Amino acid sequence: MRLLIGTLYTFALAAAIGLGSTWFALTHSAGFNNLQIGSWSARPRAGTADIDPYARAAIARNGALPVAIGDGVSFVARTDDDGRPLDGRCDTVVSGTTPAARYFTVTLYDPDGRLVANSLDRQGFTSQELVRNQDGSFEISVAPRARAGNWLPTGGVERYLLVLRFYDTSVGVATRAEREAPMPSVKSTGACS
Amino acid sequence: MRWILWTLAGILLGGIVHLATVLALPRTATQDAYARLAPMTPVNAVTPLPSPTPGNAVLPFMDPAFAVAICRYDLSSGPIKLTAPVSQAYTSVTFYTRRGVAYYGINDRAAGRRSIELDLMTTAQHDAMPEEADVTAADRLIIESPSTTGLIVLRALSPEPGLMPMAQAALAAARCQAAQ
(Lines give C-alpha, C1' and ligand atoms only; values in the text may rest on other atoms or scores of the structure.)
Protein backbone atom coordinates (compact mmCIF):
# COMPACT_ATOMS: atom_id res chain seq x y z
CA MET A 1 0.00 0.00 0.00
CA ARG A 2 2.74 2.42 0.93
CA LEU A 3 4.52 1.48 -2.26
CA LEU A 4 1.42 2.24 -4.31
CA ILE A 5 0.84 5.61 -2.66
CA GLY A 6 4.50 6.46 -3.03
CA THR A 7 4.52 5.55 -6.71
CA LEU A 8 1.38 7.56 -7.42
CA TYR A 9 2.84 10.49 -5.53
CA THR A 10 6.05 10.29 -7.56
CA PHE A 11 4.18 10.13 -10.88
CA ALA A 12 1.87 12.99 -9.97
CA LEU A 13 4.84 15.10 -8.90
CA ALA A 14 6.73 14.20 -12.10
CA ALA A 15 3.76 15.14 -14.29
CA ALA A 16 3.22 18.42 -12.45
CA ILE A 17 6.89 19.42 -12.57
CA GLY A 18 7.49 18.17 -16.12
CA LEU A 19 4.38 19.57 -17.80
CA GLY A 20 4.35 22.72 -15.70
CA SER A 21 7.94 23.57 -16.56
CA THR A 22 7.33 22.85 -20.26
CA TRP A 23 4.28 25.10 -20.30
CA PHE A 24 6.17 27.83 -18.46
CA ALA A 25 9.19 27.62 -20.76
CA LEU A 26 7.07 27.82 -23.91
CA THR A 27 4.81 30.66 -22.80
CA HIS A 28 7.54 32.80 -21.24
CA SER A 29 9.98 32.50 -24.14
CA ALA A 30 12.59 30.99 -21.88
CA GLY A 31 15.38 29.25 -23.69
CA PHE A 32 18.92 29.38 -24.85
CA ASN A 33 20.89 32.16 -26.52
CA ASN A 34 18.58 34.95 -25.48
CA LEU A 35 19.92 38.41 -26.28
CA GLN A 36 18.68 40.84 -23.63
CA ILE A 37 19.11 44.59 -24.10
CA GLY A 38 17.14 46.70 -21.62
CA SER A 39 13.64 45.31 -21.60
CA TRP A 40 14.06 43.96 -25.14
CA SER A 41 14.88 40.32 -25.74
CA ALA A 42 15.66 38.52 -28.98
CA ARG A 43 16.65 35.04 -30.05
CA PRO A 44 18.51 35.62 -33.31
CA ARG A 45 19.36 31.93 -33.57
CA ALA A 46 15.65 31.09 -33.75
CA GLY A 47 15.81 32.48 -37.29
CA THR A 48 18.33 29.84 -38.37
CA ALA A 49 18.48 26.06 -38.75
CA ASP A 50 20.28 26.07 -35.34
CA ILE A 51 17.06 27.02 -33.54
CA ASP A 52 17.06 25.70 -29.96
CA PRO A 53 14.55 23.03 -28.86
CA TYR A 54 12.54 25.49 -26.75
CA ALA A 55 12.03 27.98 -29.56
CA ARG A 56 11.24 25.08 -31.88
CA ALA A 57 8.55 23.80 -29.52
CA ALA A 58 7.20 27.31 -28.97
CA ILE A 59 6.65 27.97 -32.69
CA ALA A 60 5.13 24.50 -33.17
CA ARG A 61 2.68 25.34 -30.42
CA ASN A 62 1.67 28.89 -31.42
CA GLY A 63 2.08 28.62 -35.21
CA ALA A 64 4.33 31.66 -35.61
CA LEU A 65 6.99 31.81 -38.31
CA PRO A 66 10.22 33.33 -36.92
CA VAL A 67 12.08 36.06 -38.81
CA ALA A 68 15.02 34.45 -40.60
CA ILE A 69 18.47 35.85 -39.92
CA GLY A 70 18.94 36.72 -43.64
CA ASP A 71 15.79 38.83 -43.39
CA GLY A 72 16.07 40.54 -40.02
CA VAL A 73 15.81 40.14 -36.28
CA SER A 74 12.87 40.54 -33.91
CA PHE A 75 12.94 41.92 -30.34
CA VAL A 76 10.11 41.58 -27.81
CA ALA A 77 9.39 43.73 -24.75
CA ARG A 78 6.90 42.43 -22.18
CA THR A 79 7.83 44.80 -19.38
CA ASP A 80 9.04 48.35 -18.98
CA ASP A 81 12.63 49.11 -17.96
CA ASP A 82 11.68 48.75 -14.29
CA GLY A 83 10.39 45.24 -14.87
CA ARG A 84 6.68 46.06 -14.57
CA PRO A 85 4.46 44.21 -17.09
CA LEU A 86 3.20 46.47 -19.89
CA ASP A 87 -0.34 47.58 -19.04
CA GLY A 88 -2.57 48.99 -21.79
CA ARG A 89 -4.50 51.12 -19.30
CA CYS A 90 -1.38 53.15 -18.51
CA ASP A 91 0.91 55.45 -20.48
CA THR A 92 4.28 54.12 -21.59
CA VAL A 93 6.89 56.00 -23.60
CA VAL A 94 9.29 54.20 -25.93
CA SER A 95 12.10 56.56 -26.83
CA GLY A 96 15.64 56.64 -28.09
CA THR A 97 17.46 55.28 -31.08
CA THR A 98 17.72 51.91 -32.75
CA PRO A 99 20.51 49.85 -34.28
CA ALA A 100 21.20 50.47 -37.96
CA ALA A 101 18.74 48.75 -40.26
CA ARG A 102 17.26 49.53 -43.66
CA TYR A 103 13.79 49.48 -42.09
CA PHE A 104 12.30 48.67 -38.75
CA THR A 105 8.74 48.22 -37.53
CA VAL A 106 7.28 48.41 -34.04
CA THR A 107 4.03 46.53 -33.44
CA LEU A 108 1.70 46.09 -30.48
CA TYR A 109 0.20 42.62 -29.85
CA ASP A 110 -1.77 40.98 -27.10
CA PRO A 111 0.18 38.23 -25.26
CA ASP A 112 -1.05 35.62 -27.78
CA GLY A 113 0.30 37.54 -30.77
CA ARG A 114 -2.98 39.01 -31.98
CA LEU A 115 -3.29 42.62 -33.06
CA VAL A 116 -5.33 44.86 -30.76
CA ALA A 117 -8.39 46.72 -32.06
CA ASN A 118 -8.51 50.49 -31.46
CA SER A 119 -10.31 53.59 -32.71
CA LEU A 120 -7.39 54.70 -34.90
CA ASP A 121 -6.92 51.24 -36.45
CA ARG A 122 -3.18 51.60 -35.84
CA GLN A 123 -1.21 48.58 -34.65
CA GLY A 124 2.29 49.89 -35.14
CA PHE A 125 4.72 52.12 -36.98
CA THR A 126 7.31 51.58 -39.66
CA SER A 127 10.59 53.47 -39.39
CA GLN A 128 9.43 55.65 -42.27
CA GLU A 129 6.18 56.67 -40.58
CA LEU A 130 7.70 57.84 -37.28
CA VAL A 131 7.93 61.55 -36.58
CA ARG A 132 11.49 62.12 -35.35
CA ASN A 133 13.48 64.67 -33.42
CA GLN A 134 16.23 66.61 -35.16
CA ASP A 135 18.90 64.20 -33.96
CA GLY A 136 17.01 61.26 -35.49
CA SER A 137 15.77 59.86 -32.19
CA PHE A 138 12.08 59.24 -31.71
CA GLU A 139 9.47 58.99 -29.00
CA ILE A 140 6.39 56.77 -29.21
CA SER A 141 3.53 57.23 -26.72
CA VAL A 142 1.92 53.85 -26.09
CA ALA A 143 -1.28 54.89 -24.38
CA PRO A 144 -5.03 54.17 -24.22
CA ARG A 145 -5.97 57.78 -25.07
CA ALA A 146 -4.82 60.07 -27.87
CA ARG A 147 -1.38 61.63 -27.43
CA ALA A 148 0.50 64.19 -29.50
CA GLY A 149 3.20 62.92 -31.83
CA ASN A 150 3.63 59.20 -32.41
CA TRP A 151 0.64 57.72 -30.63
CA LEU A 152 0.40 53.93 -30.54
CA PRO A 153 -3.05 53.11 -29.09
CA THR A 154 -3.30 50.19 -26.66
CA GLY A 155 -7.06 49.77 -26.96
CA GLY A 156 -7.10 49.68 -23.16
CA VAL A 157 -6.09 46.01 -22.94
CA GLU A 158 -4.68 44.82 -19.64
CA ARG A 159 -1.56 43.15 -21.02
CA TYR A 160 0.29 43.74 -24.26
CA LEU A 161 3.72 43.29 -25.70
CA LEU A 162 5.78 45.28 -28.17
CA VAL A 163 7.72 43.71 -31.01
CA LEU A 164 10.52 45.66 -32.67
CA ARG A 165 11.69 44.10 -35.92
CA PHE A 166 14.80 45.20 -37.81
CA TYR A 167 15.07 44.32 -41.47
CA ASP A 168 18.34 44.18 -43.37
CA THR A 169 20.48 44.78 -40.30
CA SER A 170 23.85 43.77 -38.93
CA VAL A 171 22.26 42.82 -35.61
CA GLY A 172 22.23 39.06 -35.43
CA VAL A 173 23.65 35.91 -33.93
CA ALA A 174 26.98 37.58 -33.09
CA THR A 175 25.43 40.61 -31.35
CA ARG A 176 26.14 40.57 -27.63
CA ALA A 177 25.69 43.97 -26.06
CA GLU A 178 23.95 47.31 -26.05
CA ARG A 179 27.01 48.99 -27.55
CA GLU A 180 26.39 47.05 -30.77
CA ALA A 181 22.63 47.46 -30.67
CA PRO A 182 21.35 50.60 -28.93
CA MET A 183 17.70 49.89 -28.11
CA PRO A 184 15.05 52.47 -27.13
CA SER A 185 14.05 52.76 -23.49
CA VAL A 186 10.58 51.68 -22.30
CA LYS A 187 9.38 53.93 -19.46
CA SER A 188 6.06 54.08 -17.65
CA THR A 189 4.92 57.64 -17.01
CA GLY A 190 2.73 56.46 -14.14
CA ALA A 191 -0.44 57.94 -15.65
CA CYS A 192 -3.23 55.37 -15.80
CA SER A 193 -6.85 55.71 -16.84
CA MET B 1 13.22 9.64 4.76
CA ARG B 2 11.11 7.49 2.47
CA TRP B 3 9.12 10.53 1.33
CA ILE B 4 12.30 12.43 0.52
CA LEU B 5 13.30 9.59 -1.77
CA TRP B 6 9.88 9.52 -3.45
CA THR B 7 10.10 13.32 -3.94
CA LEU B 8 13.59 13.09 -5.41
CA ALA B 9 12.38 10.38 -7.79
CA GLY B 10 9.43 12.60 -8.75
CA ILE B 11 11.69 15.60 -9.48
CA LEU B 12 14.04 13.45 -11.55
CA LEU B 13 11.16 11.93 -13.49
CA GLY B 14 9.66 15.43 -13.91
CA GLY B 15 12.88 16.54 -15.60
CA ILE B 16 12.63 13.65 -18.01
CA VAL B 17 8.96 14.48 -18.72
CA HIS B 18 9.97 18.11 -19.35
CA LEU B 19 12.70 17.22 -21.85
CA ALA B 20 10.55 14.59 -23.58
CA THR B 21 7.59 16.94 -24.04
CA VAL B 22 9.77 19.81 -25.34
CA LEU B 23 11.44 17.53 -27.87
CA ALA B 24 8.24 15.74 -28.92
CA LEU B 25 6.08 18.83 -29.27
CA PRO B 26 7.11 19.88 -32.81
CA ARG B 27 6.24 16.41 -34.12
CA THR B 28 2.85 16.26 -32.43
CA ALA B 29 1.68 19.86 -32.89
CA THR B 30 -1.49 20.09 -34.98
CA GLN B 31 -1.72 23.89 -35.13
CA ASP B 32 1.73 24.81 -36.40
CA ALA B 33 2.11 27.29 -39.27
CA TYR B 34 2.12 24.64 -42.00
CA ALA B 35 -1.08 23.03 -40.66
CA ARG B 36 -2.80 26.40 -40.45
CA LEU B 37 -1.82 27.36 -43.98
CA ALA B 38 -2.47 23.99 -45.66
CA PRO B 39 -6.26 24.41 -46.10
CA MET B 40 -5.89 27.78 -47.85
CA THR B 41 -2.77 27.33 -49.97
CA PRO B 42 -2.41 25.04 -53.02
CA VAL B 43 0.87 23.15 -53.36
CA ASN B 44 3.69 24.69 -55.47
CA ALA B 45 1.86 27.94 -56.21
CA VAL B 46 2.04 31.44 -54.75
CA THR B 47 -0.99 32.43 -52.66
CA PRO B 48 -1.37 35.93 -51.15
CA LEU B 49 -2.28 35.96 -47.47
CA PRO B 50 -4.82 38.45 -46.17
CA SER B 51 -3.26 41.19 -44.03
CA PRO B 52 -3.64 40.47 -40.31
CA THR B 53 -6.39 42.41 -38.55
CA PRO B 54 -7.34 42.47 -34.85
CA GLY B 55 -10.20 40.04 -35.48
CA ASN B 56 -8.55 37.80 -38.00
CA ALA B 57 -4.99 36.63 -38.56
CA VAL B 58 -3.90 33.37 -40.16
CA LEU B 59 -0.76 33.21 -38.01
CA PRO B 60 0.13 34.96 -34.75
CA PHE B 61 2.82 37.69 -34.65
CA MET B 62 2.50 38.63 -38.32
CA ASP B 63 4.00 42.04 -39.12
CA PRO B 64 1.04 44.15 -40.34
CA ALA B 65 3.38 46.43 -42.32
CA PHE B 66 4.09 43.64 -44.80
CA ALA B 67 2.23 42.10 -47.72
CA VAL B 68 2.76 38.34 -47.43
CA ALA B 69 2.45 35.53 -49.94
CA ILE B 70 3.02 31.82 -49.34
CA CYS B 71 4.31 29.05 -51.56
CA ARG B 72 3.61 25.74 -49.83
CA TYR B 73 6.04 23.42 -51.56
CA ASP B 74 6.33 19.71 -52.13
CA LEU B 75 9.57 18.52 -53.72
CA SER B 76 8.60 14.86 -54.02
CA SER B 77 8.04 15.17 -57.78
CA GLY B 78 11.14 17.33 -58.42
CA PRO B 79 12.79 20.69 -57.70
CA ILE B 80 10.87 23.94 -57.89
CA LYS B 81 11.81 27.36 -59.19
CA LEU B 82 10.93 30.57 -57.39
CA THR B 83 10.85 34.01 -59.01
CA ALA B 84 9.90 37.06 -56.99
CA PRO B 85 10.17 40.60 -58.35
CA VAL B 86 11.42 43.03 -55.70
CA SER B 87 9.14 45.84 -54.56
CA GLN B 88 10.26 49.46 -54.23
CA ALA B 89 10.84 49.31 -50.48
CA TYR B 90 12.01 45.98 -49.15
CA THR B 91 11.36 42.40 -50.17
CA SER B 92 12.48 39.18 -48.54
CA VAL B 93 12.05 35.47 -49.14
CA THR B 94 12.28 33.01 -46.25
CA PHE B 95 12.32 29.22 -46.46
CA TYR B 96 10.80 27.17 -43.63
CA THR B 97 10.78 23.41 -43.10
CA ARG B 98 7.56 21.51 -42.53
CA ARG B 99 8.10 22.22 -38.78
CA GLY B 100 8.52 25.98 -39.20
CA VAL B 101 12.32 26.14 -38.90
CA ALA B 102 13.66 29.09 -40.92
CA TYR B 103 16.61 27.46 -42.68
CA TYR B 104 17.27 30.18 -45.24
CA GLY B 105 16.34 33.82 -45.70
CA ILE B 106 17.39 36.32 -48.34
CA ASN B 107 16.42 39.93 -49.02
CA ASP B 108 16.42 42.02 -52.17
CA ARG B 109 19.80 43.62 -51.44
CA ALA B 110 21.51 40.26 -50.96
CA ALA B 111 19.89 38.99 -54.16
CA GLY B 112 21.24 42.12 -55.86
CA ARG B 113 18.90 42.27 -58.87
CA ARG B 114 15.46 43.33 -59.95
CA SER B 115 14.06 39.97 -58.96
CA ILE B 116 14.94 37.16 -56.57
CA GLU B 117 15.41 33.88 -58.47
CA LEU B 118 16.06 30.64 -56.66
CA ASP B 119 15.97 26.90 -57.28
CA LEU B 120 14.78 24.80 -54.38
CA MET B 121 15.57 21.10 -54.17
CA THR B 122 16.28 18.36 -51.69
CA THR B 123 19.89 17.33 -51.02
CA ALA B 124 19.32 14.11 -52.98
CA GLN B 125 18.02 16.05 -55.98
CA HIS B 126 21.01 18.41 -55.82
CA ASP B 127 23.42 15.49 -55.70
CA ALA B 128 21.67 13.93 -58.70
CA MET B 129 22.19 17.04 -60.83
CA PRO B 130 24.68 16.59 -63.69
CA GLU B 131 27.91 18.33 -62.78
CA GLU B 132 28.10 20.59 -65.85
CA ALA B 133 24.61 21.86 -65.09
CA ASP B 134 25.96 23.17 -61.82
CA VAL B 135 28.71 25.05 -63.62
CA THR B 136 26.65 26.54 -66.43
CA ALA B 137 24.12 27.64 -63.89
CA ALA B 138 26.67 29.73 -62.03
CA ASP B 139 24.28 32.58 -61.50
CA ARG B 140 21.47 30.35 -60.35
CA LEU B 141 21.08 30.30 -56.61
CA ILE B 142 20.37 26.77 -55.43
CA ILE B 143 18.80 26.19 -52.02
CA GLU B 144 18.69 22.75 -50.42
CA SER B 145 15.60 21.99 -48.39
CA PRO B 146 16.12 19.76 -45.33
CA SER B 147 12.53 18.51 -45.68
CA THR B 148 10.50 17.42 -48.72
CA THR B 149 7.66 19.76 -47.84
CA GLY B 150 7.74 23.21 -46.33
CA LEU B 151 6.86 26.85 -46.77
CA ILE B 152 8.36 29.71 -48.75
CA VAL B 153 7.20 33.03 -47.34
CA LEU B 154 7.51 36.12 -49.53
CA ARG B 155 7.30 39.45 -47.73
CA ALA B 156 7.11 42.93 -49.24
CA LEU B 157 7.19 45.96 -46.97
CA SER B 158 4.64 48.74 -47.23
CA PRO B 159 6.56 51.59 -45.51
CA GLU B 160 3.29 53.52 -45.10
CA PRO B 161 -0.31 52.27 -45.31
CA GLY B 162 -0.95 53.88 -48.73
CA LEU B 163 1.80 51.77 -50.31
CA MET B 164 0.23 48.41 -49.40
CA PRO B 165 -1.33 47.93 -52.90
CA MET B 166 2.13 48.38 -54.43
CA ALA B 167 3.63 45.76 -52.09
CA GLN B 168 0.79 43.35 -52.85
CA ALA B 169 1.16 43.93 -56.59
CA ALA B 170 4.88 43.08 -56.41
CA LEU B 171 4.08 39.76 -54.73
CA ALA B 172 1.22 39.01 -57.14
CA ALA B 173 3.82 38.74 -59.89
CA ALA B 174 5.83 36.11 -57.98
CA ARG B 175 5.96 32.57 -59.33
CA CYS B 176 6.72 29.26 -57.70
CA GLN B 177 6.47 26.22 -59.95
CA ALA B 178 7.98 22.87 -60.79
CA ALA B 179 11.26 23.22 -62.70
CA GLN B 180 11.30 21.20 -65.90
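# Core, chain contact and sheet

Leaving aside residues up to four places away in sequence, Ile152(B) touches Cys71(B), Tyr73(B), Leu82(B), Val93(B), Phe95(B) and Cys176(B), where two residues are in contact if their C-beta atoms, placed from the backbone, lie within 7 Å. The model is a predicted one, in which local features need pLDDT of at least 70 and side-chain atom pairs count only at pLDDT 80 or more, while totals for chains, interfaces and linings use all residues. Residues are numbered from 1 along each chain as its sequence is written, and chains are lettered from A and ligands numbered from 1 in the order in which they are written.

Ile152(B) is, with Leu82(B) and Leu154(B), one of the residues that touch the most other members of the largest nonpolar core, which has 92 residues. Such a core is a set of buried Ala, Val, Leu, Ile, Met, Phe, Trp, Tyr and Cys residues joined through C-beta atoms within 7 Å. Strand β2 of chain B (residues 66-74) gives this core its largest share, seven residues. A residue is called buried if 20 or more other C-beta atoms lie within 10 Å of its own, exposed if 12 or fewer do, and partly exposed in between, with C-beta atoms placed from the backbone.

Strand β2(B) also belongs to an open sheet of five strands in chain B, ordered β1-β2-β8-β4-β5 with antiparallel pairing. Its edge strands, β1 and β5 (102-107) of chain B, each pair on one side only, and two strands are said to pair if DSSP finds at least two bridges between them. The antiparallel strands β1(B) and β2(B) are joined by four bridges, and Val46(B) has Cys71(B) in β2(B) as its bridge partner.

In chain A, the secondary structure comes to two helices and 10 strands, these being DSSP runs numbered from the N terminus, with helices (H or I) of at least four residues and strands (E) of at least two. Of the 193 residues in chain A, 40% are buried, and the C-alpha trace of this chain spans about 75 × 40 × 25 Å along its principal axes.

Where the two chains meet, chain A contributes 52 residues and chain B contributes 49 residues. On the side of chain A that touches chain B, the largest share, 12 residues, comes from α1(A). That side holds 26 nonpolar, 17 polar and nine charged residues, with Ala, Val, Leu, Ile, Met, Phe, Trp, Tyr, Cys and Pro counted as nonpolar, Asp, Glu, Lys and Arg as charged, and the others, Gly among them, as polar.

Helix α2(A) is largely enclosed by the rest of the structure, because seven of its 10 residues are buried. These buried residues are Tyr54(A), Ala55(A), Arg56(A), Ala57(A), Ala58(A), Ile59(A) and Ala60(A), and their cover includes α1 of chain A together with α1 (2-28) of chain B.

The residue that follows α2(A), Gly63(A), has a positive phi, and the table sets it beside two residues other than glycine.

| Residue | Phi |
|---|---|
| Gly63(A) | positive, near 80° |
| Asp168(A) | positive, about 55° |
| Asn44(B) | positive, near 55° |

Asp168(A) lies in strand β9 of chain A and counts as partly exposed because it has 19 C-beta neighbours inside 10 Å. Asn44(B) is found in the loop between α2 (33-37) and β1 (46-49) of chain B, and with 19 C-beta neighbours inside 10 Å Asn44(B) likewise counts as partly exposed.
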